[in-house]
Amino acid sequence: MQKYSTIIGVIELRQSGIGYRTTKKRYNIGNSTVTLIMNRFHELGLSLEELKAMPPKKVEEAFYPPENLRRAEKELPDFFQIHQRMMAMETPDLAFQWLEYKKEHPNGYQLSQFYKLYRDFLRENFGQDSVSMPVERIPGERMYIDWVGDQPELLTDPATGEIHKVHVFATTLGFSSRVYAEVFLDEKLPSFITGVVHALEYYGAVPKYLVPDNLKTAISKHSKDELILNSAFSDLEDFYNTIVLPPPPRKPKGKPTIENHVRFLETHLIERLKENIFTSLDSLNKETQKIIAAINRTR
């Protein structure tokens, strides 16, 4: 629970356009606390002036209601069922389970709360705590880039009826987890560059870092001592005044964010696309953008 001065101060800074980094340093709080305060501020529907006119205790209770009231307002996840699903997954993904929970309960617990509740569930029922908490990220810092591993058969030749494989380009932002996806006929450099440009246009901003996987289309050489970009991708880096920051070359485990979202897209995008028949890349990508927009609305 945060004090009245912190609640009012966070709202004042954010309404003045001050970023998360400065706000959290000013009040010694985390990103999740800033987000929680602003979300509850919008949910209350009151102006900052109206909050300032209220007694401090009432403001604190409005943002941090007693535990019994909070639990009554939100549907507690069924962690026994969630745990069974996790155990059945080839690669357990708690963030995926949270997205499924939020679909059914849009006003339910946020990700950090969901992680904490599941950790408590494990401790109470199994005597252990093995959940990795989400990494705190900086808004606008990184855009992660990858190709979805599987090449689904989604494009039908209208003349012959033959079904062709396609390649799904995917990106996600490190802080907001907003995803972008686009379908191409191949994974060659022109497709990769086009995907990056379209993703930046979709987000409407350029991040400080672009973080591609160890892709041959983007990186000519990557060792512990040297990073050489493909010339076209290097030009793109200069044009957008950003920095390419690939994961470690030998053990590329520095990119779980995009890997989790690639797995998510394999289910929530590709399986949805398989429900229809597409005879052109344009119609396939139009439907892709509709599904991506629906996914991002839940975040």
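Ten aromatic pairs turn up in this predicted model, where rings of Phe, Tyr and Trp (its six-membered ring) pair if their centres lie within 6.5 Å; planes under 30 degrees apart count as stacked, over 60 as edge-to-face and the rest as tilted. A pair of aromatic rings is described by the distance of the centres and the angle of the planes. Take tryptophan 147 and phenylalanine 184: their pair is edge-to-face, with 5.9 Å from centre to centre and 75° between the planes. Tryptophan 147 belongs to strand 1 (residues 142–147) and phenylalanine 184 to strand 5, so this pair ties together parts that are 37 residues apart in sequence. Helices (H or I, at least four residues) and strands (E, at least two) are DSSP runs, numbered from the N terminus. Both tryptophan 147 and phenylalanine 184 are buried; buried means under 20% relative accessible area, exposed over 50%, and partly exposed in between (1.4 Å probe, protein chains only).

Tyrosine 202 and tyrosine 203 also make a ring pair, and it counts as edge-to-face because the centres are 5.6 Å apart and the planes sit at 70°. Tyrosine 202 is partly exposed, at a relative accessible area of 27%, while tyrosine 203 is buried, at 15%. Elsewhere, Phe79, Tyr101, Phe114 and Tyr118 are linked into a cluster by ring pairs.

A charge sits over a ring if NZ of Lys or CZ of Arg is within 6 Å of the ring centre and within 35 degrees of the ring normal. Arginine 26 has its charged end over the ring of tyrosine 27, 4.6 Å from the centre. Arginine 40 does this with tyrosine 64, lying over the face at 5.4 Å from the ring centre.

Next come the strands, starting with strand 4 (residues 167–173), where seven of the seven residues are buried. Cover is found on both faces: His167, Phe169, Thr171 and Leu173 are buried on one side, and Val168, Ala170 and Thr172 on the other. What does strand 4 pair with? Strand 1 is joined to strand 4 by five bridges, and the two run antiparallel; two strands pair if DSSP finds at least two bridges between them. Within strand 4, threonine 172 is the residue that stands opposite tyrosine 144. Strand 5 pairs with strand 4 as well, over six bridges and again in the antiparallel sense. There, phenylalanine 184 in strand 5 is the bridge partner of histidine 167.

Strand 2 (residues 153–156) and strand 3 (residues 163–165) run antiparallel too, joined by three bridges. Threonine 156 has isoleucine 163 of strand 3 as its bridge partner. The two strands form a hairpin with six residues between them, and glycine 161 in the turn has a positive phi of about 80°.

Positive phi also shows up away from glycine. Asparagine 28 has a phi of about 55° although it is not a glycine, and this residue lies in the loop between helix 2 (20–27) and helix 3 (31–44). Asparagine 28 is exposed, with a relative accessible area of 70%. Asparagine 241 has a positive phi as well, near 55°, and is found in the loop between helix 11 (231–240) and strand 9 (243–244). At 71% relative accessibility, asparagine 241 is exposed.

Of the 299 residues, 41% are buried. The accessible surface comes to about 16,600 Å², with 50% of it belonging to carbon and sulfur atoms (Shrake-Rupley method with a 1.4 Å probe; for residues, only the protein chains shown count as cover). Among contacts (heavy atoms within 4.5 Å) with a separation of 6 or more, 61% are between residues 24 or more positions apart.

How confident is the predictor? The mean pLDDT (the predictor's confidence in each residue, from 0 to 100) is 79, and 78% of the residues reach 70 or more.

Residues are numbered from 1 along each chain as its sequence is written, and side-chain values use heavy atoms, with hydrogens and water left out. As this is a predicted model, local features need pLDDT of at least 70 and side-chain atom pairs count only at pLDDT 80 or more, whereas totals for chains, interfaces and linings use all residues.
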